[in-house]
Amino acid sequence: MAYEVVERNMDEKEIIIAGIKESGSIIAGVLTGFLKDIFAGEIKVLDIIIDKKEPKKISLSESMDFNDKVIIVCDDVSNSGRTLLYALKPFIDYYPKKIQSLVLLERSYREFPVASDYVGMSVATALSERIIVETDSEGITGARLE
């Protein structure tokens with residue numbers, strides 16, 4: 001996926017990698033580790049913090065000017081598209097050059113018009129099943145279906 005990110009953003013001088021807390025932030029960190037070796041531009045990493053009880057309450061770990069920037073929003077699993085939609089909120093007051101999304105696993109139960117630009121794997125599951133991506137502070141340790 002890192003090579004695909006570079007291919008689609010080859011002429012960019014800077015990329016902002018925004019991981020949705022918790023697992024998305026870890027995936028953003030892993031992605032950044034790969035990008036450092038293959039992307040010639042600058043890479044900035046930040047966290048998107050979404051209150052699960054009140055998803056309208058969203059904050060960023062760092063404030064900056066997002067005008068004319070390339071932003072890649074990272075998450076672990078895309079189910080309905082709701083979380084990715086909410087994650088875009090902090091950027092709509094700006095005029096980014098591009099906003100792209102990257103997910104490790106994608107399910108095909110999209111309820112919101114948010115498609116992922118980069119997908120590690122698409123998984124067919126039953127609606128009642130959940131995918132759990134297991135992480136630790138170092139990275140991704142596994143995934144399981146419940």
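Colleague: In which strand is the place of S78?

Modeller: S78 sits in strand β4, which covers residues 70-78. Keep in mind that this is a predicted model. S78 has a relative accessible area of 5%, so it counts as buried, the cut-off being under 20%. What does S78 touch? Leave aside the neighbours within four places in sequence, and S78 is in contact with L84, V103, L105, E106, R107 and S116.

Now step back to the sheet. β4 belongs to an open sheet of 6 strands. The order is β3-β2-β1-β4-β5-β6. Read along that order and β4 stands between β1 and β5. The pairing is mixed. At the edges are β3 (58-60) and β6 (118-122), each of which pairs on one side only. On average, neighbouring strands of this sheet are turned by 25° against each other, direction ignored.

Look at the β1 side of β4. The two strands run parallel, and 4 bridges join them. Strands of a sheet pair through backbone hydrogen bonds, either parallel or antiparallel.

A helix comes next. α2 lies across β1, β2, β4 and β5, so β4 is among the strands under discussion here. The helix runs at about 150° to β1. α2 holds 16 residues, 23-38. At 1.5 Å a residue, α2 should span 22 Å. The end C-alpha atoms are 23 Å apart, which agrees. Which residues of α2 are buried? They are S23, G24, S25, I26, I27, A28, L31, T32 and L35. An α-helix has 3.6 residues a turn, so residues three or four places apart point the same way. Look at I27, L31 and L35 with that in mind; these three are among the buried residues of α2.

Now the charged pairs. Side chains of opposite charge can pair when their charged atoms come close. The structure holds 7 salt bridges. One of them joins E14 and K44, with the closest N and O atoms 3.4 Å apart. E14 counts as buried, at 15% relative accessibility. K44 is partly exposed, at 29%.

E12, K97 and K98 are linked in a network of salt bridges. The side chains of K97 and E12 meet at 3.2 Å, N to O. K97 is in the loop between α3 (82-87) and β5 (98-106), whereas E12 is in the loop between α1 (2-8) and β1 (14-20). These two residues are 85 residues apart. The side chains of K98 and E12 meet in a salt bridge too, at 3.9 Å, N to O. K98 is in strand β5, and here the pair is 86 residues apart.

K97 is partly exposed, at 46%. K98 is partly exposed as well, at 25%.

Finally, return to the start. S78 is a buried residue of strand β4, and β4 is joined to β1 by 4 bridges.

Notes
Residues numbered from 1 in each chain as written. Predicted model: local features only at pLDDT ≥ 70, side-chain atom pairs only at ≥ 80, totals over all residues. Heavy atoms only, no water. Salt bridge = Lys/Arg side-chain N within 4 Å of Asp/Glu carboxyl O. Buried < 20%, exposed > 50% of the residue type's maximum accessible area, 1.4 Å probe, protein only. Expected span 1.5 Å × (residues − 1). Contact = heavy atoms within 4.5 Å. Pairing = 2+ DSSP bridges. Axes fitted to C-alpha atoms, helices over the stretch in contact; angles between N-to-C directions.
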